[in-house]
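Here are my notes for anyone opening this entry for the first time. Have the model on screen and follow the points in order.

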Amino acid sequence: MTTVLVVGDHELQRLGYRLLLDSEPDLSPVGEAAGGAEAVHMTTALRPDVVLIHILKPNTDAIDTVRRIARGDSPPLPRVLVLAPAGLDGYAWAMLAAGADALLPETTAPHELTGAIRAVVAGGAVIPPDLTRRLIDTVRRRAPAPAALPTERLGALSERERQVLAAIASGWSTTETADHLFIAPATVKSNVSRILTKIGARSRVQAVAFAYESGLTAPHTTRSPFLSPDRTHPAPQGRPWTARRCREEDEP
C-alpha cells in the first residue's frame with residue numbers, strides 16, 4: 001500500500017484528494033497539512049511514500065517546503081509530487097531543482113494523478129510534454145551558471161558515465177543507449193544509478209537538468225554527442241522528455 005500525505009491550502013481541496021486516494025485499492029491518504037511547516041513536520045512523523053502538494057499561490061516558501069521534504073536528513077525520503085498553476089515556467093524549474101519528482105498542472109485528470117503517484121513510487125519522474133518543451137526553452141535562454149559545483153560534480157563522472165548521461169539528456173531510452181555504446185541494458189542502468197549518486201540527483205529529470213547546467217550537453221541537442229561520425233547506424237532523433245519516457249524501463 002502506497003501512503004500519501006496531502007498538502008494544500010484549502011480544506012475542500014484536500015478532501016477531494018483524500019476521497020480520490022481512498023477510491024484506489026493501492027493508495028492510502030495518511031494525513032493532510034495546510035501549510036509548509038506543518039507538511040515538513042508531518043512528513044517526519046508519518047513517513048509517507050509520497051507527499052502530494054497542491055500549490056495555489058507560488059512563492060519561495062513553497063519551494064523551500066519542497067526542498068526540506070525532498071532533501072531531508074532522515075531517510076527514507078518520500079517522493080514529492082507537485083500540482084501547480086500552468087504557465088509558470090521559471091517557478092516550475094525551481095520546483096524541479098528543489099527536488100520534486102513530478103510536476104503536473106492543477107488541471108490534471110484524476111486518473112493521470114493517481115498514475116503519476118504510482119510512477120514516482122516506482123522510481124520514475126513525471127512532467128507533461130508541453131512543460132518539458134518550455135523548460136528546455138527556459139534553460140536555453142539562461143546564461144551559463146557561474147557556480148563551480150556542477151562542473152566539479154561532472155568531473156567525478158567517468159567517461160562512460162558522461163556518455164550515458166549525455167544520452168539520457170538527449171531523450172534516449174536504455175535500449176537505444178545500450179545499442180550505440182555496445183553495452184548491455186543492465187550496464188546502462190548501473191551507470192545511471194552511479195550517476196545519480198555522484199551528482200546528488202534523485203531522478204532522471206534532475207540528471208537531465210544537471211547535464212544542461214554543467215555544460216555537458218545543450219537543451220537543443222538532437223543527437224547524442226558521444227557518437228563518432230563513422231558509426232554505421234544512425235543516431236535516433238532526440239525526443240521531448242515526456243512522462244512516458246520517464247516511467248518506462250529506463251529507471252535504474
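**Notes on the fold**

1. Let's start with helix 8. Eight of the 11 residues in this helix (residues 159-169) are buried, so the rest of the structure largely encloses it. Keep in mind that this is a predicted model.

2. Which residues of helix 8 are buried? They are Glu161, Gln163, Val164, Leu165, Ala166, Ala167, Ile168 and Ala169. The cover over these buried residues includes helix 9 (174-181), helix 10 (185-199) and helix 11 (204-213).

3. Now zoom out. The protein chain has 12 helices and five strands. Of its 252 residues, 51% count as buried. Look at contacts between residues at least 6 apart in sequence, and 74% of them join residues at least 24 apart.

4. The five strands make an open sheet with parallel pairing, in the order 2-1-3-4-5. Strand 2 (27-33) and strand 5 (102-105) sit at the edges with a single partner strand each, so one side of each has no neighbour in the sheet. From one strand to the next, the twist averages 20 degrees.

5. For a detail of the pairing, go to strand 1 (residues 2-8). Strand 1 and strand 2 run parallel and are joined by six bridges. Val7 is found opposite Ala33 of strand 2.

6. Two helices to trace against the sheet: helix 1 (residues 11-22) lies across strand 1, strand 2, strand 3 (50-54) and strand 4 (79-84), and runs at about 165 degrees to strand 2. Helix 5 (residues 110-121) lies across strands 1, 2, 3, 4 and 5, running at about 150 degrees to strand 4.

7. On to the nonpolar cores. The largest has 28 residues, and the ones touching the most other members are Ile53, Val66, Val82, Met95 and Leu103. At least two residues of this core come from each of strand 1, helix 2 (36-46), strand 3, helix 3 (60-70), strand 4 and helix 4 (89-98). There is also a second, separate core of 20 residues, with Leu157, Ala169, Leu181 and Val192 among them. As background, nonpolar side chains in soluble globular proteins tend to be buried together.

8. What does Leu103 touch, leaving aside its neighbours within four places in sequence? The contacts are Val82, Ala92, Met95, Leu96, Val126, Ile127, Pro128 and Leu131.

Technical notes:
Residues are numbered from 1 along each chain as its sequence is written. This is a predicted model: local features need pLDDT of at least 70, side-chain atom pairs count only at pLDDT 80 or more; totals for chains, interfaces and linings use all residues. Side-chain values use heavy atoms; hydrogens and water are left out. Two strands pair if DSSP finds at least two bridges between them. Helices (H or I, at least four residues) and strands (E, at least two) are DSSP runs, numbered from the N terminus. Axes are lines fitted to C-alpha atoms, for helices over the stretch in contact, and angles run from 0 to 180 degrees between N-to-C directions. Contact means heavy atoms within 4.5 Å. A nonpolar core is a set of buried Ala, Val, Leu, Ile, Met, Phe, Trp, Tyr and Cys residues joined through side-chain atoms within 4.5 Å. Buried means under 20% relative accessible area, exposed over 50%, partly exposed in between (1.4 Å probe, protein chains only).
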